[in-house]
Amino acid sequence: MSCPVRNRSFIPPVALGDYPVGTAFPAGHLVDTNAAWRSMRPVIDATACSNCLICWLLCPDGVIQRHDREALQIDYDYCKGCGICARECRQKAISMENEGNYGT
Amino acid sequence: MNLSEQRPEHKISIRGLSDREFFYGHKACPGCGGSLALRLALKVLGERSYAVVPAGCMSAVGFIFPQMAFGCNAIISTFPGTASMLSGIAAGARALGIEDFHAVGFAGDGGTADIGLQALSGAIDRHDKIIYICYDNEAYMNTGVQKSGLTPSGARTTTSPAGKRLRGAVTRKKPMFEIVAAHGIDYAATASVGHPLDYLRKLEHARTVEGTSYLHVFAPCPVGWGHETAETIAVAKNAVDCGLWYLAAYEDGKFVLNHNPGEFGSIRDYLFGQNRFRHLQEQDVSDIEAQRDAKWARIRREWSH
Amino acid sequence: MERETKAFLSGNEAVARAVRLARPQVIAAYPITPQTTVIERLAEMVEEESLKSEYLHVESEHSALSACIGASAVGARTFTATSSQGLLYMAECLHYASGGRFPIVMMNANRSVALPWNIYGDQRDSLSLLDCGWIQAYAEDAQESLDLVLQAYAIAEHPEVLTPMMINLDGFVITHTYELVNVPGQREIDFFLPPFNTTNKMDFDSPRSLAFTAGPAYNQAFKQLQHLAMVKASKVIGDVEERFGRLVGRNYPGLIESLYCEDAEYIIVTLGSVAGTIRPVIEKLRSGGERVGLVRIRYMRPFPDAEIRRALAGAAAVGVLEKDISFGFEGTVFTNVSSALMRAQVVPPRLLNFVGGLGGKDISAADIELIFKRLKKSEPGETVEFI
């Protein structure tokens, strides 16, 4: 797996038999998102972006996804809106916009 | 091996780094320097890593049943036990004939310099093949910003408040890098999330060490230090620029300074850019400058650069 | 040694022989009297290559158990040993190992706990840690010590148990006293103990997160599962002893050993090596027509409540003799025995608590005879009596 993945069909354990043995559980198992943490969200202007990948490198949450020859994408499920990407972008290609504008 | 030379096999290109995310969906605060340090380390070390994370911020945010933010094998250790658990993992894997893996630990400053120091010393003494990474946010952050052995002079924490009697922490950071080097460890280095390429190079080197490695990463904490979440990288860079943190390495009995500022950046700007230092008076700033100058005089005299 | 042999061994040496037969992959231990000779023998065995194991010189007992947890967490079989101060220093890790369901086997040399400082045997160290989730067995002699170590791996690693196990040897009395011991052959033990195999581990084929956090909604279920596994261990212990008996030829009686309890009016309940002092006294009194008996508790966890009730049901007076005291109340073994009897309303007319042997204080045959006299004569409701 290339990244921890959200398990949308996760059913919380109820009976004792539903629980894992020991304190051991599959790695990379996500249940909820961090989207609700945001009050601002980064928006990348693909035309201004030089694809230097500094934002991708410095995101503490790893939510900027790079694709060969395509524009960078942000996983808004897990972006917390910290603003590091916008602050560090040399091209000023990322702006922090009010989360409220996005109706979430 | 001398890190002051640009070694081709450790040349890092951002584009050459893996796309895989091994620390994702975690509950760290926005802008957390520690989580960036951890994320980048696992990118370099890869999927055949056993990550050990003691009680502290990174374990608290990464392993909350049923949400597991680590994509590789990972385990929480007791607070004092990062290095001893790493030793056990390395020994167990060796005994089972498992090859080509990394046993890597991510402990905070408290978990390293205070409660974890004994076990770290033992692991280095045993020459165990482990990589120990200390993410230094200069206080016990997970429990609410209490003073640790790596809290710098003058910093306000919840257990070293700034008042009339004392103005924040009165002790200095324990010199963890030098303490570890004094053991004769195979490889040790300091790093900062504000100098990511240097950190990545050092991670790449640690991968190849046939013995014990220690990386000490300066990792600002917006909540505990009192700065904007977007400023984490800038704050870390400023710390190195003004000489309050340094980028260095130790190997084969030699200290190497990787970055020697020609002129230091403003200590005043660095300190007053964070709430935890805003109470400092002129005398305090002068004292901190003097401490920095004395340290750098010794570093420049004794370490190669 | 492929076949069973006889050797003149101390309790500690017997433990070391058993550990070698069990083939642990990682040993991590820190020296403390009177455990030291176990880890010394193991170091010699590793050096002469009669034992192939990673041997870690850890810098504290906390690190010893922490390292074993790490090794177990990648699927290795492990061993450690300690005593008194060391056992308490690793106390946090005891809970960690049991909660994480790591089947580590540990020998504890029962020794008094400071203050005052004392290196001699009593059982305050392990009995003060009954709640930490480890299976706890108490040996009477070197032979039983050896056999318990071997059985421990089979019990602890059983998939329905997955609980660490502590084998207690009375300090000096068992650890350093020599007796003739039968040492099983490697071939039998390899058959008895197949390699450790579990899914409760980190694995590159199936990456996992281990030793995680569980909040209020989930935590209790994990603890309940741990409790149920320990209860299940009672049955597994019996199965393991039965299999051991068939393969090696030595049989053990389960969670308790009872002597003459079918007709005894006066019974002493105790743990460990002091039973060896009690046996000849019992034979002497019985030859004079007195109906006396002994219950030697072999496992304090899981606690043999049903077996205790059965053994003590017909007694007129029972004395629990133990080498510990829970200050301000009574001995812990007494508390456990009383509770087992009370919950089924099977309480003998007189139930007394005798505390002795603290800090290695001698318990003589004369002391035992005195205890039986007290059982015959005393009034109910007495407080703890120090002998």
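Start in chain C, where C:Ser258 has C:Val295 in β12(C) as its bridge partner. Before going further, the conventions: this is a predicted model, in which local features need pLDDT of at least 70 and side-chain atom pairs count only at pLDDT 80 or more, while totals for chains, interfaces and linings use all residues. Residues are numbered from 1 along each chain as its sequence is written, and chains are lettered from A and ligands numbered from 1 in the order in which they are written.

Helices (H or I, at least four residues) and strands (E, at least two) are DSSP runs, numbered from the N terminus. Two strands pair if DSSP finds at least two bridges between them. On that basis β10(C) and β12(C), residues 292–297, are antiparallel partners with four bridges.

Both strands belong to an open sheet of six, with mixed pairing, in the order β10-β12-β11-β14-β15-β16 of chain C. Its edge strands are β10 (256–259) and β16 (385–386) of chain C, each pairing on one side only.

Contact between residues here is C-beta atoms, placed from the backbone, within 7 Å. Axes are lines fitted to C-alpha atoms, for helices over the stretch in contact, and angles run from 0 to 180 degrees between N-to-C directions. Helix α10 of chain C, residues 275–287, packs on the sheet and touches β10, β11 (266–271) and β12 of chain C. Its direction makes about 160° with that of β12(C). Helix α12 of chain C, residues 332–342, also packs on the sheet, touching β11, β12, β14 (317–322) and β15 (350–355) of chain C. For α12(C) the angle is about 145°, taken against β14(C).

Now one residue of that sheet: C:Ala317, in strand β14 of chain C. Is C:Ala317 buried or exposed? A residue is buried if 20 or more other C-beta atoms lie within 10 Å of its own, exposed if 12 or fewer, and partly exposed in between, with C-beta atoms placed from the backbone. C:Ala317 counts as buried because it has 21 C-beta neighbours inside 10 Å. Leaving out residues up to four places away in sequence, C:Ala317 touches C:Tyr266, C:Pro348, C:Pro349, C:Arg350, C:Leu352, C:Leu375 and C:Lys376. C:Glu379 is 62 residues from C:Ala317 in sequence, and the C-alpha to C-alpha distance is 9.9 Å.

Next, two helices elsewhere in chain C. The expected span of a helix is 1.5 Å times one less than its number of residues. For α1(C), residues 11–22, the 12 residues should span 16 Å, and the end C-alpha atoms are 17 Å apart, which agrees. Of the 12 residues in α1(C), 12 are buried, including C:Glu13, C:Arg17 and C:Arg20. C:Arg23 follows α1(C) and has a positive phi, near 55°.

For α7(C), residues 142–157, the 16 residues should span 22 Å, and the ends are 23 Å apart by C-alpha, which also agrees. There is still a kink of about 25° in α7(C), centred on C:Gln151. The bend at a residue is the angle between axes fitted to the seven residues ending there and the seven starting there. In α7(C), 15 of the 16 residues are buried, so the helix is largely enclosed by the rest of the structure.

That leaves the links between chains. Strand β9 of chain C, residues 208–210, pairs in the parallel sense with β4(B) over two bridges, with C:Leu210 as the bridge partner of B:Ile75. Three bridges also join β9(C) to strand β2 of chain A, residues 24–26, and here the strands run antiparallel. In that pairing, A:Pro26 has C:Arg208 as its bridge partner.

Last, a strand within chain B. Six of the six residues of β7(B), residues 187–192, are buried, so this strand is largely enclosed by the rest of the structure. B:Tyr187, B:Ala189 and B:Ala191 point one way from β7(B), while B:Ala188, B:Thr190 and B:Ser192 point the other way. In a regular strand the side chains alternate between the two faces of the sheet. β7(B) pairs with β8(B), residues 213–218, in the parallel sense over six bridges, and B:Ala191 stands opposite B:Val217. With β9(B), residues 248–251, β7(B) runs antiparallel and has three bridges; there B:Tyr187 stands opposite B:Glu251.

Definitions and conventions:
Two residues are in contact if their C-beta atoms, placed from the backbone, lie within 7 Å.
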